Amino acid sequence: MGVFPDFEGLEGIGELREVIGALLTFVLIVAVLTLIVCAITWPIASANGHHGAATKARIGAWTALGAAVLAGGGVAWMNWLLDLGQQL
């Protein structure tokens, strides 16, 4: 039995894929830039005794890392689910 979603059944699905790809790229770029800025700010603020700024930079770094992992892993996870659906 070959049950698979018909992605061509909707009009404009090509444009939707392009928009989602562009948004994913934008999210990954912003997450990596945020991670770099927070990773630089965290030790500098901590070394200079600005514990409030160090805490915010640490939270920002972990949040940016999580966003990058979720954005990058979301595509792989969706492809895995689609491949699994073809095997069923």
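Figure 1. Take the contacts in the protein chain between residues at least 6 apart in sequence: 59% of them join residues at least 24 apart. Keep in mind that this is a predicted model. What secondary structure does the protein chain have? You'll find two helices and zero strands. Out of the 88 residues in the protein chain, buried ones make up 12%.

Figure 2. Let's pick out one of them, Ile29, which sits in helix α1, a helix covering residues 13–47. Ile29 has a relative accessibility of 47%, so it counts as partly exposed.

**Figure 3. Now for Ala45, a residue tucked into the buried class.** Ala45 is also part of helix α1. Is Ala45 buried or exposed? Its relative accessible area is 7%, so Ala45 is buried, given that the cut-off for buried is under 20%. Which residues does Ala45 touch, if you skip its neighbours within four places in sequence? Ala45 is in contact with His50, Ala53 and Ala54.

Figure 4. Along the sequence, Ala45 and Lys56 are eleven residues apart. In space, the gap between them is 9.8 Å, taken from C-alpha to C-alpha.

Key: Residues numbered from 1 in each chain as written. Predicted model: local features only at pLDDT ≥ 70, side-chain atom pairs only at ≥ 80, totals over all residues. Heavy atoms only, no water. Helix = DSSP H or I, 4+ residues; strand = E, 2+ residues; numbered from the N terminus. Buried < 20%, exposed > 50% of the residue type's maximum accessible area, 1.4 Å probe, protein only. Contact = heavy atoms within 4.5 Å.
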